[in-house]
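The structure comes first, followed by short sections.

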Amino acid sequence: MNRITINLNNSKSEIYIGLNWNEFSRFIPVQNTVIITDDNIKNIYGSHFPQLPVFSVKPGEESKTLQVVTSLTERLLECGIDRSGFLVGIGGGVVCDLTGFLASVYMRGIRFGFVSTSLLSQVDASVGGKNAVNLGKVKNVLGCFRQPEFVICDPQMLNTLPEEEYLSGLAELIKMGLIMDYNLFSLAEQNKGRLLNRDIELLEYMISVSVELKASVVREDEKEVSGKRMILNFGHTFGHVIETMAGMKHGFAVAAGMVIASDISVQAGLLEPAARDRIVNLLKELKLIKEYIVPDAVFEEMLLKDKKKQGDNISFVLLESPGKAVISKINTRELMEFYKVLKRS
Ligand code: ADP
Ligand code: ZN
């Protein structure tokens, strides 16, 4: 078991990797605690939940809305939860985002913690204190920064995760290696079979490394001010467009975005072509490369609308080598030119 602490101005968040998930009972108050989960998790794990009120939402991104927040609020009020209340989100990114958001606004903020059940949320979503809901098609438009008191990442729970969800999470794990840690990347290369087989020991180690890396970024740049946190966006600029337009799961779209960003890094003379090939090979062997079609004009239009754009420039994350990312401000049209050249070759 590994414990990673994130201490920020006035909050402390403890992340436990490899702790049995139902140990969360140790961290909650005796009274006034409510579990928020989704129907899939409830079906699989609900019989082992402690005797607490359980509010279950429909699985999937559609539950990340203000309507769901409103109806959960009504239920909290019915249960008599006051400012001493505590929310435990047990689920993937959707449940954690929703729980963190609700806990942050309910009665001007109550305590909360997570049992993070998907690989994507263990390596990414539940660490870092970002909580938000969507409005229509606009993702994460209402939200806040607030750290959960605890996050339990139990790799055993990943055994019940559907294959596509598992692979999608692997992409974020590989991303952490690519931007910050050559050893993590190389470990994945050497252990593709074990990774695909969800080897618990390997996962516990790799998730721990990845969370520690993310924690180090969050400690330096909690609210995306200094720009350090931006490297986490590697593969996400094109990835988000592909996710929206081609309807691909997040991790697969990010994998596609990482291939494009690696290609552009080669074109820009930063990354060795051989290193690019290693990256693409690893993603292929981890079954993360899928076909997609997005017309150039759509890419261009979406990139021009990117919310991370400043003026005509976009902060784009490039690689110098596996394990070392650099942020480069590129004119959006120039970025598209790079992309078009790349597609022709
Ligand atoms: P994310 O990929 O951001 O974590 P979700 O919270 O929507 O997104 O989780 C993805 C899907 O996987 C949901 O349908 C959820 O119910 C399901 N899921 C999450 N964790 C597990 C698990 N440990 N076992 C089975 N299904 C899970
Ligand atoms: Zn992501």
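## Terms and basis

Two strands pair if DSSP finds at least two bridges between them. Helices (H or I, at least four residues) and strands (E, at least two) are DSSP runs, numbered from the N terminus.

This is a predicted model, in which local features need pLDDT of at least 70 and side-chain atom pairs count only at pLDDT 80 or more, while totals for chains, interfaces and linings use all residues. Residues are numbered from 1 along each chain as its sequence is written, chains are lettered from A and ligands numbered from 1 in the order in which they are written, and side-chain values use heavy atoms, without hydrogens and water.

## Strands

Strand 2 (residues 11-17) runs parallel to strand 9 (residues 150-153), and four bridges join them. Glu14 has Phe150 in strand 9 as its bridge partner. Strand 2 also pairs with strand 1 (residues 2-8), in the antiparallel sense and over seven bridges. Ile4 stands opposite Ile15 there, and the two strands form a hairpin with two residues between them. Five of the seven residues of strand 2 are buried, so the strand is largely enclosed by the rest of the structure. Buried means under 20% relative accessible area, exposed over 50%, and partly exposed in between (1.4 Å probe, protein chains only).

An open sheet of three strands has the order 10-11-12, with antiparallel pairing. Strand 10 (309-310) and strand 12 (324-331) are at its edges, each with a single partner strand, so one side of each has no neighbour in the sheet.

Glu172 in helix 5 (residues 163-180) and His250 in helix 10 (residues 250-267) are 78 residues apart. Glu172 is buried at 1% relative accessible area, and His250 is buried at 17%.

## Aromatic rings

Rings of Phe, Tyr and Trp (its six-membered ring) pair if their centres lie within 6.5 Å; planes under 30 degrees apart count as stacked, over 60 as edge-to-face and the rest as tilted. The count comes to 12 aromatic pairs. One of them, Trp21 with Tyr45, is edge-to-face, at 5.6 Å centre to centre and 75 degrees between the planes.
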